[in-house]
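Dear colleague,

Please find the structure for your review below.

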Amino acid sequence: EVTVPRRAGVRLVLPHLAEATGELAHASILQGNTLVSLTDHSSNRYSARVVLSEPELPLHATGSGLAALAYGEPALLKATMKNIKRFTEHTATNKAELESKLQAVRATGFGIGDQAYEEGVYGIGVPLFDSSNTVAGTVAVASVATRINDEKIGIIKCELIYAARQITHSWGGTIPEKLDQLWTETLASLSSDYLPTRESIA
């Protein structure tokens, strides 16, 4: 079963991602046109935390889903548009809104789900690639929205880059050059107070 080796590779990375961010770290895989939860790991840093209870994540309403759509095949977006549903007032429910969000993902390298699937939950996701060098899944961090600030976002983005590179490598994939350059620029722009703690793990 394809999920077994992929789950094993992810489980080596998620505990650190959760502890470094203080939030819920989770990974998903694409099965056809559906993003299916693979595994997750939660930090015990806070008493209030996000719980991932759904086996599938909506592509149009989560950071993970937007990351998959932005870097996935055009057919994935076409299929998503046939079954688009509003979850909160922040959910994109038409093609123009969704395309705007996807353009932002491609410009930054990160999918942002700001309370679009569940009120009070803020998620950031990035794509994962396998040996076919196409999007095979995502890795993301979900936080209680009230804890989100610029510093937290910077830490999450940095840790997601390292996690995505490690998982993609373990899956036999390669990060597309343009996306990898965006991530490298993101790392370079982060606070020098934070980056040195991760250089030895890069």
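**Salt bridges in the predicted model**

The side chains of Arg147 and Glu23 form a salt bridge, with an N to O distance of 2.7 Å; the term denotes a side-chain nitrogen of Lys or Arg within 4 Å of a carboxyl oxygen of Asp or Glu. Because Arg147 sits in the loop between β6 and α6 (150-170) and Glu23 in the loop between α2 (14-21) and β1 (24-31), this pair ties together parts that are 124 residues apart in sequence. Helices (H or I, at least four residues) and strands (E, at least two) are DSSP runs, numbered from the N terminus.

The model is predicted: local features need pLDDT of at least 70 and side-chain atom pairs count only at pLDDT 80 or more, while totals for chains, interfaces and linings use all residues. Residues are numbered from 1 along each chain as its sequence is written, and side-chain values use heavy atoms, leaving out hydrogens and water.

Glu23 also meets Lys152 in a salt bridge (2.9 Å, N to O). That pair links distant parts of the chain, 129 residues apart, with Lys152 in helix α6. Glu23 is buried at 2% relative accessibility, as is Lys152 at 9%; buried means under 20% relative accessible area, exposed over 50% and partly exposed in between (1.4 Å probe, protein chains only).

Elsewhere, Asp130 and Arg6 are joined by a salt bridge (2.7 Å, N to O). Asp130 lies in the loop between β5 (121-129) and β6 (135-144), and Arg6 in helix α1 (residues 3-11). Asp130 is buried at 9% relative accessibility, and Arg6 is buried at 16%. The whole structure contains four salt bridges.

Yours sincerely
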